[in-house]
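Student: Hi! I'm new to this one and would like to talk about its rings. Could you show it to me?

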Amino acid sequence: MADSMFSSSASAKDSASSEIGSERTLYPYVTGTSVLGMKYKDGVIMAADMGGSYGSTLRYKSVERIKPIGKHSLLGASGEISDFQEILRYLDELILYDNMWDDGNSLGPKEVHNYLTRVMYNRRNKFNPLWNSLVLGGIKNGQKYLGTVNMIGTHYEDSHVATGFGNHLARPILRAEWREDLTFEEAVKLLEKCLLVLLYRDRSAINKFQIAKITEEGATIFPPYALKTFWGFAAFQNPTKGAEGSW
Amino acid sequence: MDPDLKAPISTGTTIIGVTYNGGVVLGADSRTSTGMYVANRASDKITQLTDNVYVCRSGSAADSQVVSDYVRYFLNQHTIQLGQPATVKVAANLIRLLSYQNKNMLETGLIVGGWDKYEGGQIYSVPLGGTIVRQPFAIGGSGSSYLYGFFDQAWKEGMSKDEAEELVVKAVSLAIARDGASGGVVRTVIINESGITRNCYTGDSLPLWHEELEPHNSLLDLLSSSSPEPMSS
């Protein structure tokens, strides 16, 4: 995915040399890692950890990376946190104008996703991207929607999506075990299975998660919590016995 | 700019902001360096934005000064128009706006701290890039690398004013001991409902850490004293 491929091609390096006053390709500073999203029986459920990394330092540990948007959607973001905060401000304005029509209609998840896609793609065309991978999920009039869009404007919908490392580690699990009619409890357990793998294998993951769901009744973002990790494999006890120097 | 994205751009200085039961304590070292030379050994990195809000500056001295100058100017007008003291949140968000909108050109990490009647003592961190994060305590600058573990262990919720200031002074002092880009005196600013208190802690009042020795005027004092000082290693 674009935001995990930091070692870019030559063109990105050239455009990175700063011309005073012009906006060129940026570098991310404070970043969030994977976001997971999937449809389930009552709506859409999303999960992300609460970490804001600064390079290799796990600097901020209480960053909310999933936020409700309007009445019908949730937005999760990975990548540069300052750009995510800016996107939230754009969406604030979008929702405000939508409410001001006072016509009983409200923007659904499909519309919000489309708006975000336009914003992301247009910024990319100006070589000044918002350095994020976004997950937009929601439900309106019984219709569940889950889509993703990233800093280069690539966008698609699916029954389950993930950003960053989640694409490589979580999606395979979801492809094997996701079903259309998962209950909330089953969905949480499945997401937690993915979150644990990410915690083991993603260096920028921290053990503090937030799960959020969106149903016809509204959005719920659950309080932060941590997962128990397992280290009790016999093979972990003395892995280099008889093979000193190996790992 | 550094194309190695795995390495954070750390900015010379140690700055700290800590909330306590009733307000905030801001702390910083006093070293400004140009390359290897210490241009100013007694700088004041804790800058006033309003009567009740201060900002700790790290990174490029020029960038942090000009950002805080603009924000002081905006807040001054805002206070007049509002008819009452500006809130810490507004000050922090003005800092954020300038940092975010000029992220290509600026290299400064700031910690905004203050007290207002609505939310009491608050600390907001605005690192490189213009993210804004409210925290019970914040650390920044190159010296902060040495303090993550220290704060993970030593920080507690609901400290008193004296406990908080003691923690800040100890922390800056520890960072100065290990970070070449930090040094000089430890300045603190305490902000609460009653007002502002500025303090300056010089080397002699700071504790000695590992492998640091008691300072003397001269070797001669040691030689002439009746019981010679024991050697230390």
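Student: Is Phe151(B) buried or exposed?
Tutor: Phe151(B) is buried, with 2% relative accessibility. Buried means under 20% relative accessible area, exposed over 50%, and partly exposed in between (1.4 Å probe, protein chains only). This is a predicted model, where local features need pLDDT of at least 70, side-chain atom pairs count only at pLDDT 80 or more, and totals for chains, interfaces and linings use all residues. Residues are numbered from 1 along each chain as its sequence is written, chains are lettered from A and ligands numbered from 1 in the order in which they are written, and side-chain values use heavy atoms, leaving out hydrogens and water.

Student: How many aromatic pairs are there over all chains?
Tutor: A search of the whole structure gives 12. Rings of Phe, Tyr and Trp (its six-membered ring) pair if their centres lie within 6.5 Å; planes under 30 degrees apart are stacked, over 60 edge-to-face, and the rest tilted.

Student: What kind of pair do Tyr73(B) and Phe74(B) form?
Tutor: A tilted one, with 5.7 Å centre to centre and 45° between the planes. Tyr73(B) is partly exposed at 49% relative accessibility, and Phe74(B) is partly exposed at 33%.

Student: And what about Phe137(B) and Phe151(B)?
Tutor: They are stacked, at 4.9 Å centre to centre with 15° between the planes. Phe137(B) is buried too, with a relative accessible area of 17%.

Student: New topic: which ring does the charged end of Arg59(A) sit over?
Tutor: The ring of Tyr54(A), 4.7 Å from its centre. That counts when NZ of Lys or CZ of Arg is within 6 Å of the ring centre and within 35 degrees of the ring normal.
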